[in-house]
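Welcome! Take a moment to look over the chain below, and then we will walk through some of its strands, its core and its ligand surroundings together.

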Amino acid sequence: MNQPNIMELGKRRNSGPDHNGARNPGVPLDLDLIDTIRINKSAAERRVSTLAGRRTVKKDWQAAWLLKAVTCMDLTTLAGDDTDERVRRLCAKALQPVRADILTALGADRLGITVGAVCVYHGFIKTAVKALKGSSVDVAAVSTGFPAGQAPFETRLKEIELSVADGATEIDIVVSRKHVLNSNWTALYDEVKAFRQACGPAHLKSILATGELGSIGKVGKASMVCMMAGSDFIKTSTGMESVNATLPISLVMMRAIRDYQTQTGHKVGFKPAGGISDAKTALQYLVLLKEELGDEWLSPKLFRFGASRLLGDIERQLEHYVTGRYSAANRHPMG
Ligand SMILES: O=C[C@H](O)COP(=O)(O)O
């Protein structure tokens, strides 16, 4: 696997698809196309099962890929006991995600590495905006009755509008699982399109909650419908389902993104989220992404990890790389 140009890591300011080309404007719903989508589950599982053994990244290359993963992270806190102080600490970590001594040892201390965004509940948007002011780190808010999405439709629309008014530049919505389970693609399309409209300039990430969609085939179809409705990103999971991000599901979503680009010319981002907590797994996602969608997607404009714990393990692995020793996980707090 090629080493990303480490000098490029610090340059990516202004994340989001529209800063470097047009956003996905969406297209009319094409039910005939949705009907043709078929997914071979065993083939998808076979494809990803060889990933860890077949492609490995070592030493300098691994360090560079891990720094890339950091720049593509939505550093997340979504807990019932979140406080303004916790969010402020998380934002400080977002601005300096890897300890200065580690970055210096890696020769990466002048790259201005930050995460892609901080992801919070609505009530903490203003706190995050203030803490990140002057930086290029985006503020993402989960929305539309996250995680279940069972609030009234008008309430969900209003929630988006309020979050954008508070300063969120990215909105992570949850789709109504019932529309997918009932194969009511028109209802899903209309819902996501309305959410996109409510977002205005903020980018829309559509969370499919893939672990609750019943089949891998539904994941392929729902991915395509969400992109047709104008999603800037499609995202696997809320982190609250019993099954969250997996590599086979991610493969299906990446291929849907590829097919959508082939059909329409529009690029849509991908965000695996939920349960991705170690550097080794993160590298597997990056390898799969590079192989399926190419180098252009290896950027926060088109790829994010949604993760609350991953950064700690990445920092720990980077410290091991520069010192030869592993430190205790609690030496890498998130805030
Ligand atoms: O969107 C992000 C997820 O909620 C994060 O899930 P996690 O806490 O399992 O990393």
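Let's begin at one pair of residues: valine 142 stands opposite aspartate 172, which belongs to strand E4. Keep in mind as you explore that this is a predicted model.

- Strand E4 covers residues 170–174, and five of its five residues are buried.
- Which residues of E4 point one way, and which the other way? Glu170, Asp172 and Val174 point one way, while Ile171 and Ile173 point the other way.
- On one pairing, E4 is joined by three bridges to strand E3 (residues 138–142), and the two run parallel.
- To get from E3 to E4, the chain passes through helix H9 (residues 153–166), making a right-handed β-α-β crossover.
- E4 also pairs with strand E5 (residues 203–207), in the parallel sense and over five bridges.
- Aspartate 172 turns up again here, with lysine 205 as its bridge partner in E5.

**Strand E1 and its partners**

- Strand E1 spans residues 73–76, with Met73 and Leu75 pointing one way and Asp74 and Thr76 the other way. All four of these residues are buried.
- Three bridges link E1 to strand E8 (residues 305–307), and these strands run parallel. Within this pairing, aspartate 74 stands opposite glycine 306.
- E1 pairs with strand E2 (residues 117–120) as well, again in the parallel sense and over three bridges. Here you will find threonine 76 opposite cysteine 119.

**Around the ligand**

- Several residues from these pairings come up again here: Thr76, Cys119 and Gly306 are among the residues around the ligand.
- Others in this shell include Leu78, Thr238, Gly239, Ala273, Ser308 and Arg309.
- How many residues of the shell are nonpolar, polar and charged? The shell divides into four nonpolar, seven polar and one charged.

**The nonpolar core**

- The largest nonpolar core has 99 residues.
- Ala69, Val70, Met73, Val118, Ala128 and Ala282 have the most contacts inside this core.
- Helix H14 (residues 279–293) provides the largest share of the core, nine residues.

Definitions and conventions. Residues numbered from 1 in each chain as written. Predicted model: local features only at pLDDT ≥ 70, side-chain atom pairs only at ≥ 80, totals over all residues. Near = placed C-beta within 6 Å. Nonpolar A, V, L, I, M, F, W, Y, C, P; charged D, E, K, R; others polar. Buried ≥ 20, exposed ≤ 12 C-beta atoms within 10 Å, placed from the backbone. Helix = DSSP H or I, 4+ residues; strand = E, 2+ residues; numbered from the N terminus. Pairing = 2+ DSSP bridges. Right-handed = clockwise from strand over helix to strand, strands pointing away. Core = buried A, V, L, I, M, F, W, Y, C linked by C-beta atoms within 7 Å.
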